[in-house]
Amino acid sequence: MKAIEIKKIRKTHGLLQKELGQMLGVEQEVISSWESGKNRISPAYIRILQNLFKKVKVVVHQNDMDKIVGSILLEAPSFTKSSSVPLQGDDVELTVLCNADTALWVVCKLANLGYSDIEVK
């Protein structure tokens, strides 16, 4: 994992270096050294980062968008960010960036609404 990727992940999730460090059990200076390229991140921490943050993608009907996003904002255990891209017809590709627990919650919520083609990375 490159230094720029670590910073991008942190910024995407709206975290300060200190906050990411707390999540990983390391000092802010360690995060800074990874992001600057001064030190390389170990494979163990790469795996933790990959499992800590998830991206949930699903194509939803435009009529469901407000209901889904509103529900995520109000009820999700730990919500980070969502975005949507209009597709042909009345469909929208919804992407939710969140932690692993919230990804599971989002997938369950979408499944309860009848959506089954849900991608989690």
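Arg10 is buried, with a relative accessible area of 6%. Buried here means under 20% relative accessible area, exposed means over 50%, and partly exposed is in between, using a 1.4 Å probe on protein chains only. This is a predicted model, in which local features need pLDDT of at least 70 and side-chain atom pairs count only at pLDDT 80 or more, while totals for chains, interfaces and linings use all residues. Residues are numbered from 1 along each chain as its sequence is written, and side-chain values use heavy atoms, with hydrogens and water left out.

Back to Arg10. What does Arg10 form with Glu35? A salt bridge, with the closest N and O atoms 2.5 Å apart. The term means a side-chain nitrogen of Lys or Arg within 4 Å of a carboxyl oxygen of Asp or Glu. Glu35 is buried as well, at a relative accessible area of 12%. Arg10 lies in helix H1 and Glu35 in helix H3, so the pair ties together parts that are 25 residues apart in sequence. Helices (H or I, at least four residues) and strands (E, at least two) are DSSP runs, numbered from the N terminus.

By this rule the count comes to two salt bridges. The other pair is Lys121 with Glu119, where the closest N and O atoms are 3.3 Å apart. Lys121 is exposed, with a relative accessible area of 61%, and Glu119 counts as partly exposed at 36%.

Now the overall layout. The protein chain has six helices and four strands. Read from the N terminus, the order is α-α-α-α-β-α-β-β-α-β. The C-alpha trace spans about 50 × 25 × 20 Å along its principal axes. Of the 121 residues in the chain, 32% are buried. Contact, from here on, means heavy atoms within 4.5 Å. Among contacts with a separation of 6 or more, 67% come from residues 24 or more positions apart.

Next, helix H3, residues 28–36. Which residues of H3 are buried? They are Ile31, Ser33, Trp34 and Glu35. These buried residues pack against helix H1 (3–12), helix H2 (17–24) and helix H4 (43–52). After H3 comes Gly37, which has a positive phi, near 85°.

Two packed helices are described by the angle between their axes and the distance between the axes. The axes are lines fitted to C-alpha atoms, for helices over the stretch in contact, and the angles run from 0 to 180 degrees between N-to-C directions. Angles under 35 degrees count as roughly parallel, over 145 as roughly antiparallel, 65 to 115 as roughly perpendicular, and the rest as oblique.

H2 and H3 pack at an angle of about 110°, their axes 8 Å apart. These two helices are therefore roughly perpendicular to each other. H2 brings Gln17, Lys18, Leu20, Gly21 and Leu24 to the contact, and H3 brings Gln28, Ile31, Ser32, Trp34 and Glu35. By class, that contact has four nonpolar, four polar and two charged residues. For these classes, Ala, Val, Leu, Ile, Met, Phe, Trp, Tyr, Cys and Pro count as nonpolar, Asp, Glu, Lys and Arg as charged, and the others, Gly among them, as polar.

H2 also packs with H4, at about 105° and with the axes 11 Å apart. H2 and H4 are therefore roughly perpendicular to each other. Leu20, Met23 and Leu24 of H2 meet Tyr45, Ile48, Leu49 and Leu52 of H4. How do the residues of this contact divide by class? Seven are nonpolar, with no polar and no charged residues.

Last, the cores. In soluble globular proteins, nonpolar side chains tend to be buried together. A nonpolar core is a set of buried Ala, Val, Leu, Ile, Met, Phe, Trp, Tyr and Cys residues joined through side-chain atoms within 4.5 Å. The largest one has 16 residues, and Val56, Val60, Ile68, Leu94, Val96 and Leu110 touch the most other members. Strand E1 (53–61), helix H5 (62–75), strand E3 (91–99) and helix H6 (100–112) are the elements that give two or more residues to this core. Leaving aside neighbours within four places in sequence, the contacts of Val56 include Leu94, Val96, Leu110 and Ile118. A second, separate core has 11 residues, including Ile6, Val26, Trp34 and Ile41.
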